[in-house]
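Student: I would like to take a careful look at one part of this model, and then see what lies elsewhere in the chain.

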Amino acid sequence: MKIFLVKKMMTPAISILLILASLSSLTVHAERIKDITTIAGIRSNPLVGYGLVVGLDGTGDSTNQAPFTQESFLNLIKQFGIAIPGDASLQLDNVAAVAVHAELPAFAKPGQRIDITVSSIANAESLRGGTLLITPLKGIDGNVYAIAQGNLVVGGLGVGGADGSRLTINVPSVGRIPDGASVERSVPTAFASGQPIVFNLHRSDFTSAKRVADSINDLLGPDVARAIDSTSIQVNGPKNPGQRVDFISLLENLEVRPGEASARVVINSRTGTIVVGRHVRIAPVAITHGSLTVMVSETVDVSQPNALSEGTTVVVPNTDITAEQETNPMFNFSPGPTLDELVRAVNDVGAAPGDLMAILEALKEAGALKAELVVI
């Protein structure tokens, strides 16, 4: 498979067409089943929590603009038997309210550690040097699955001056805590239920699904695997959990040659990136592409009267309008040109990325582009 990338350049003098990758063979190389599929029901689960970061060097939340930070702090210290008068004014510049989120891996067991990300949700300037206090992390069902706490690692930096000037490097209001949460509850899965194992392809394709099923049947015998649709392949496996682990380990390392993608041209109109698939074909067609440039320039002349006349000095505007039109040659495609010929023809005519986008769109409208045109 050959992939060509057209990228918007800084100057038009640079070549607009760059070959990113070209495989030495026209066939698609074999890939392991584990690299092109996932097993249904085995996935990570998002967790989220709300907590407080303390120990900041005056870069925490402003109490006036984030009253919930003060409320959260008061609720926290009440749990330790500390009462503060209701009319007390607290200045909590070293405290910040944060959202904590993490991904709970499949089969994670109580006692294991997972990484967490801590993000300010108010107006804290920086979380550098802060410590996250104990924070429960909940799943979408409302149950607590992990407990987070620890010292933040912040890659960003923010400094400011009294005159309002400020320098910020990266994002100082977000930090990470490696192994910052302890798993308290595992998520049940259907892995040990004895049900058939289902492999889901990352890229839906009927050919790939059939080839995966055929590869498994060639190894284990007929009717062990069958393609349910263009995405899923159902495999009859052992019911014993230990045997299922060995069984899946055997299957996921089988090599399969996936089906090739359909003919497609992808255009990113924001960056000027164009990716053309290997199976793209062009019907017999002749193309010419030019542009008309109109330039309007205005100058000001001063009309000065003679010394003895009674005239006045006046300003006279002069406007010059010129038009230039490029004379690009017309080029034609023979029936069913390959991608190499398409790229060569575009290079010969000297089209810029924006011009190439217009050419491809016109080819699609004319019915000459034998591919799906995707604009992202």
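Student: Leaving aside its neighbours within four places in sequence, which residues is S120 in contact with?

Tutor: Before the answer, please note that this is a predicted model, in which local features need pLDDT of at least 70 and side-chain atom pairs count only at pLDDT 80 or more, while totals for chains, interfaces and linings use all residues. Residues are numbered from 1 along each chain as its sequence is written, and side-chain values use heavy atoms, with hydrogens and water left out.

S120 is found in strand β7, which covers residues 113-120; here strands (E, at least two residues) and helices (H or I, at least four) are DSSP runs numbered from the N terminus. Once the neighbours within four places in sequence are set aside, S120 is in contact (heavy atoms within 4.5 Å) with D61, A97, V98, L127 and S173. The side chain of S120 also reaches the backbone nitrogen of A122, at 3.5 Å.

Elsewhere, the structure holds six salt bridges, each being a side-chain nitrogen of Lys or Arg within 4 Å of a carboxyl oxygen of Asp or Glu. One of them joins the side chains of R32 and D35 at 2.9 Å, N to O. R32 is partly exposed at a relative accessible area of 31%, where the term covers values between buried (under 20%) and exposed (over 50%), found with a 1.4 Å probe on protein chains only, and D35 is likewise partly exposed at 38%. Another salt bridge, at 3.7 Å from N to O, brings together E252 and K34, and this pair links distant parts of the chain, since E252 lies in helix α4 (residues 241-252) and K34 in helix α1 (residues 33-36), 218 residues apart. By contrast, D214 and K210, whose side chains meet in a salt bridge at 2.6 Å, N to O, both lie in helix α3 (residues 206-220), four residues apart, or about one turn of the helix.

Helices α3 and α4 also pack together, at an angle of about 120° and with their axes 11 Å apart. Their contact is made by I216, L219 and L220 of α3 and by F247, L250 and L251 of α4. Axes are lines fitted to C-alpha atoms, for helices over the stretch in contact, and angles run from 0 to 180 degrees between N-to-C directions. The two helices, α3 and α4, are therefore oblique to each other, because angles under 35 degrees count as roughly parallel, over 145 as roughly antiparallel, 65 to 115 as roughly perpendicular, and the rest as oblique.

Methods
A polar contact is a pair of N or O atoms within 3.5 Å; within protein, one must be able to donate a hydrogen and the other to accept it, and residues adjacent in sequence count only if both atoms are side-chain atoms.
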